[in-house]
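Hi everyone, thanks for coming. Let me put today's structure up on the screen, and then we'll walk through a few spots together.

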Amino acid sequence: MDAAKFIEHADFIEREPDEMVERSAAFLELMKRRRTVREFSDRPVPRAVIENAILTAGRAPSGANKQPWHFAVISDATLKHRLREQAEEEERAFYGGKASDDWLEDLVPFGTNEHKPFLEIAPWLIAVFKQSYDLDPTTGEKTKNYYVPESAGLAAGFLIAALHNAGLATLTHTPSPMGFLNRLCDRPKNEHAIMLVVAGYPAEKVMIPDIGKKPLEDFSSWH
Ligand code: IYR
């Protein structure tokens with residue numbers, strides 16, 4: 001076993017408490033403006049923005065730094081069309097009987113249904129895959145990844161924050177099951193899609209559900 005190799009953390013920026021409070025408040029204000037939208041514009045968005053957001057996602061912490069994620073980035077119109085068709089097929093099953101009455105009731109505030117035109121309209125679709133295990137490139141043997149859903153979820157969170165910071169609207173879309181994304185994006189069997197992140201400009205005068213977020217005391221306890 002190789003010995004651990006450590007280097008000095010020279011990139012850390014030390015900040016005064018006041019500056020930290022100010023910066024944390026500014027970031028909160030930025031993130032408070034993040035809303036999921038379900039209608040997108042077809043206005044083009046530079047690939048560099050998406051690349052930077054994916055590089056940001058790749059900076060997320062992960063179990064044993066295995067980085068057990070893959071981002072399949074889709075902009076090709078034909079592929080988006082096929083993806084829409086296959087996602088809508090799953091959604092028809094979901095809304096047409098697979099989902100429980102409680103679940104459908106919980107979705108009423110969002111006005112969702114089986115129609116997913118945004119999958120063809122938005123310029124960028126990013127399929128986020130977790131890598132449940134890895135395959136050794138030489139032996140083909142399975143190697144272990146750790147905290148896979150947590151790690152991939154963290155990376156997806158970084159991705160969404162980065163896209164929002166850049167000035168894009170997003171939608172986390174979860175057609176279920178998502179196995180068709182492996183076939184469409186030619187991804188191996190050790191990878192499982194966890195969500196599809198739709199990114200672009202919002203449609204003009206886009207409407208969003210009138211819903212709020214819990215107050216601090218409802219989702220934190222201080223000990
Ligand atoms: N995947 C479906 C249903 C859906 C489920 C949840 I939980 C949501 O927060 C939103 C939608 C759809 O995309 O319509």
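Let's begin with I74, which is buried, because its relative accessible area is 2%, and the cut-off for buried is under 20%. Before we go on, please keep in mind that this is a predicted model.

Where along the chain are we? I74 is found in strand β1, which covers residues 69-74. And which residues does I74 touch, once we set aside those up to four places away in sequence? The list is L79, K80, L83, P123, W124, L125 and C185. Now look over at F94, 20 residues from I74 along the chain. The C-alpha atoms of I74 and F94 are separated by 24 Å.

Next, find E114. E114 sits in the loop between α4 and α5, where α5 is residues 118-121.

Now for the empty space. Rolling a probe the size of a water molecule over the atoms shows where such space is left.

How much space lies in the largest pocket? About 830 Å³. The largest pocket is lined by 27 residues, and the closest to its centre are R34, T36, R38, F110 and T172. Which elements each supply at least two residues of that lining? They are α1 (17-32), α3 (77-98), α4 (101-107) and β5 (169-173). Of these, α1 gives the most, with four residues. By type, the lining of the largest pocket divides into 13 nonpolar, seven polar and seven charged residues.

Then there is the second largest pocket, with about 250 Å³ of space. Its lining has 17 residues, and the closest to its centre are R38, E39, F110, G111 and T112. Here the lining divides into nine nonpolar, five polar and three charged residues.

Methods. Residues numbered from 1 in each chain as written. Predicted model: local features only at pLDDT ≥ 70, side-chain atom pairs only at ≥ 80, totals over all residues. Heavy atoms only, no water. 1 Å grid on protein atoms, 1.4 Å probe; cavity = no way out; pocket = protein on both sides within 12 Å on 5 of 7 lines; lining within 4 Å. Points joined across faces, edges and corners; volume = space filled by probe spheres on them. Nonpolar A, V, L, I, M, F, W, Y, C, P; charged D, E, K, R; others polar. Buried < 20%, exposed > 50% of the residue type's maximum accessible area, 1.4 Å probe, protein only. Contact = heavy atoms within 4.5 Å.
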